[in-house]
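This report concerns the nonpolar core and the charged side-chain pairs of one protein model. The sequence and structure are shown first.

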Amino acid sequence: MVADQETTQFTYQYSPISLAVGSEETVGEEEVVKEEEVTMLADVKSATGIVQPVKCELNKSTSMETKVYRRRWIMLALFVLVFMTNAFQWIQFSIINNLITKYYGVESSTVDWTSLVFMVAYIPLIFPGAWIMDKMGLRVTLLLGAFGTTAGAWTNVMSVAPDRFYVALMGQTLCATAQVFLLGVSPNVAAVWFGPEQVSSACAIGVFGSQVGIALGFLIPPILVKDHELKDDIGADLLFMFYIVAGVSTLLLLVVIVVFQAKPSLPPSAARCLVSQQPSPTPLTYYHSVKRIVTNRDYNLLLLTYGINVGVFYAMSTLLNQVVLQHFPGEEENAGRIGLTIVVCGMFGSVLFGVILDRTHKFKETTLAVYVFVLASMAAYTFTFKLEHIAVTFVTAGVTGFFMTGYLPVGFEFAAELTYPEPEVTSAGLLNASAQMFGIIFTILGGWLLGNYGSLVCNGTMLAALLVGAALTLPIRAELKRQKANQTAENKPTKDAKEAIKDGNP
């Protein structure tokens, strides 16, 4: 197959399905690929769990194209920008924890809830949110995410008064609700718009949006909000920041309304074509889909390992201001810069590991290798605080971020492979629910340990949790069902493809 092709033409017949794959032909600006006919049995479980033959057209021999559209990059960019504004608001209070406590007159543990509410809200809303995504498509999902993010931003504008911390919590709760329609959507955007050679990289770029938002959330609040003697001056800084966020969020909402599309006219891959033939989901069929996912042994192991890794990252980010100031008093801005370093390095990790997955398809090996490096870098981050050199902390934090946040798209894509043909948004949503749950536990426990025993015990506990996560990764079996479906459809002469045809499973 040609890597940068725009159109691939297949001829489908009722089971067994005849696929046309092999020689190239150019039509206008688009490249059409026709290939040798090969017969295969393509059985996919329907939403009811019954294995049924799948055909991509009702007629027995009808031409069917799979097309990768250039506008896919616009759709991905819009998703990234909306995700970015939502993620910014997750950390905007916690990174200036000491200034928020001073302005509103609340405890630092209370300020932690401006971050924790994102984790708490996600858990009960994950199933209805994922069902809406699966039922109504990407456009409605992104509109809900953009609208909630904008509503939360304007609510935060109204929270600027020393006695209105409860309004700030309301604004954060709205943003947290909007997060449900964004956090697990990256693999779905990738699967709906991108071909098999770019799907992992596109997922990594989608996660990139969250990381950019968190990075800006670490960087901008300490710059815009200063430690003034008068509360009114702190309030003026907060109001200025909130207006900027609300304005950007509103502009993005308008662009999404006008530009964003739910899906392309033709599917981007053979695997997506097969999935698109399934009946529209209902609450009952969605329940069966979730049931099949949660009874998947390998996915359950990934659910735990992913939750531990990302939960530690959430806790580490939320408590960063307090940890840094405990060792380096008065370094609020550097605390933000350390957070920025963590996330920027994580962006490079996300893109790198996404490319590695696209080129090698070694999901289990990549996941395990990343986890081992997360352990090593977290150990360095934990113990080098004792050196009391902030430059060393920058380095160890950056390396930790490279691997820890670089793990995010790896987990999403591995989950999509293990659970195919179930909806990507469901498998990703459950991963995020696990991460939120562990994030709540680690943040509350870490905050208590930090206040009573110091950063060494706090970070050491998280390091021990990561060790458990790495151990649980070992027994995961790499059953790459989506890869097998693509290999079968493209008639790649591999052992896995032959076994998929023989077994009648994608």
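Predicted model: local features only at pLDDT ≥ 70, side-chain atom pairs only at ≥ 80, totals over all residues.

**Nonpolar core**

The largest nonpolar core comprises 129 residues, among which Leu238, Met378 and Leu466 touch the most other members. The greatest contribution to this core, 14 residues, comes from helix α4 (residues 113-157). Leaving aside residues up to four places away in sequence, Leu238 is in contact with Ile96, Ile100, Tyr103, Tyr104, Val160 and Val225.

**A buried threonine**

Helix α4 also holds Thr150. With a relative accessible area of 7%, Thr150 is buried. A polar atom of its side chain lies 2.8 Å from the backbone oxygen of Ala146. Beyond four places in sequence, Thr150 touches Ser249, Thr250 and Leu253.

**Salt bridges**

The structure holds five salt bridges, including those in the table.

| Pair | Closest N to O distance |
|---|---|
| Lys226 and Glu333 | 2.4 Å |
| Arg297 and Asp298 | 2.6 Å |

Lys226 forms a salt bridge with Glu333. Because Lys226 lies in the loop between α7 (199-224) and α8 (231-259) and Glu333 in helix α13 (residues 332-360), this pair ties together parts that are 107 residues apart in sequence. Glu333 and Arg337, by contrast, both lie in helix α13, four residues apart, about one turn of the helix.

In the pair Arg297 and Asp298, Arg297 is partly exposed at 40% relative accessible area, whereas Asp298 is buried at 2%.

Technical notes: Residues numbered from 1 in each chain as written. Heavy atoms only, no water. Core = buried A, V, L, I, M, F, W, Y, C linked by side-chain atoms within 4.5 Å. Buried < 20%, exposed > 50% of the residue type's maximum accessible area, 1.4 Å probe, protein only. Helix = DSSP H or I, 4+ residues; strand = E, 2+ residues; numbered from the N terminus. Contact = heavy atoms within 4.5 Å. Polar contact = N/O pair within 3.5 Å; in protein donor to acceptor, adjacent residues only side chain to side chain. Salt bridge = Lys/Arg side-chain N within 4 Å of Asp/Glu carboxyl O.
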